[in-house]
Amino acid sequence: MCQMTVVMEKDGAEEIVMANVTRLQVSGTTIEVNAFFEEPLRLEEVSIQSIDFLAGKLVLKNSGTQ
């Protein structure tokens, strides 16, 4: 089974938002992530910066940042 780690980039550093993510749903600038045995987490005003499928890592950033 393939699971991802979702991280948020902030000021050049990465902070883990959720590990072992099994589902990610995008709706505009809202992203909801789900993992086994955890409550879903809704992240507002974010966008996907990059996805590294080999490393199993998805990087998010605030929608207002460049």
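Student: How does Glu14 count at 43% relative accessibility?

Tutor: Glu14 counts as partly exposed, because its relative accessibility is 43%. Buried means under 20% relative accessible area, exposed means over 50%, and partly exposed lies in between (1.4 Å probe, protein chains only).

Student: Before going on, what kind of model is this?

Tutor: This is a predicted model, in which local features need pLDDT of at least 70 and side-chain atom pairs count only at pLDDT 80 or more, while totals for chains, interfaces and linings use all residues. Residues are numbered from 1 along each chain as its sequence is written, and side-chain values use heavy atoms, with hydrogens and water left out.

Student: Back to Glu14, then. Which side chain does Glu14 meet in a salt bridge?

Tutor: The partner is Lys57, at 2.9 Å from N to O. A salt bridge here is a side-chain nitrogen of Lys or Arg within 4 Å of a carboxyl oxygen of Asp or Glu.

Student: Where do Glu14 and Lys57 lie?

Tutor: Glu14 belongs to strand E2 and Lys57 to strand E6, so their pair ties together parts that are 43 residues apart in sequence. Strands (E, at least two residues) and helices (H or I, at least four) are DSSP runs numbered from the N terminus. Lys57 is partly exposed, at 28% relative accessible area.

Student: How many salt bridges does a search of the whole structure find?

Tutor: The search finds four. In one of them, Glu32 pairs with Arg42, and the closest N and O atoms are 3.8 Å apart. Glu32 lies in strand E3 and Arg42 in strand E4 (residues 41-43), so this bridge links parts that are ten residues apart in sequence.

Student: What other salt bridge does Arg42 form?

Tutor: Arg42 also forms one with Glu44, where the closest N and O atoms are 3.7 Å apart. Salt bridges that share partners join Arg23, Glu32, Arg42 and Glu44 into one network.

Student: And how exposed are Glu32, Arg42 and Glu44?

Tutor: Glu32 is partly exposed, with a relative accessible area of 22%. Arg42 is exposed, at 51%, and Glu44 is partly exposed, at 48%.

Student: New topic: which residues make up the largest nonpolar core?

Tutor: There are twelve: Met4, Val6, Met8, Met18, Val21, Ile31, Val33, Ala35, Leu43, Val46, Leu58 and Leu60. Strands E1 (4-10), E2, E3 and E6 each give two or more residues to this core. A nonpolar core is a set of buried Ala, Val, Leu, Ile, Met, Phe, Trp, Tyr and Cys residues joined through side-chain atoms within 4.5 Å. In soluble globular proteins, nonpolar side chains tend to be buried together.

Student: What is Leu43 in contact with?

Tutor: Setting aside neighbours within four places in sequence, Leu43 contacts Val17, Thr29, Thr30, Ile31 and Leu60. Contact means heavy atoms within 4.5 Å.

Student: Is Asn34 buried or exposed?

Tutor: Asn34 counts as buried, because its relative accessibility is 13%. Asn34 is in strand E3 (residues 30-35). Not counting residues up to four places away in sequence, Asn34 touches Met18, Asn20, Val21, Thr22, Arg23 and Pro40.

Student: And what is the phi of Asn20?

Tutor: Asn20 has a positive phi of about 55°, although it is not a glycine. Asn20 is placed in strand E2.

Student: What about aromatic pairs: how many are there?

Tutor: The count comes to one aromatic pair. Phe36 and Phe37 form a tilted pair, 6.1 Å centre to centre with 45° between the planes. Rings of Phe, Tyr and Trp (its six-membered ring) pair if their centres lie within 6.5 Å; planes under 30 degrees apart count as stacked, over 60 as edge-to-face and the rest as tilted. Phe36 is partly exposed, at 42% relative accessible area, whereas Phe37 is exposed, at 87%.

Student: Last one: which residues make the nonpolar surface patch?

Tutor: Leu24, Val26, Ile48, Ile51 and Phe53 make a patch of about 450 Å². Patches consist of residues with over 30% relative accessible area and no salt bridge, with like charges joined within 9 Å and nonpolar side chains (Val, Leu, Ile, Met, Phe, Trp, Tyr) within 5 Å. Accessible areas come from the Shrake-Rupley method with a 1.4 Å probe, and for residues only the protein chains shown count as cover. Strands E2 (13-27) and E5 (46-52) each supply at least two residues of the patch. Phe53 is found in the loop between E5 and strand E6 (57-62).
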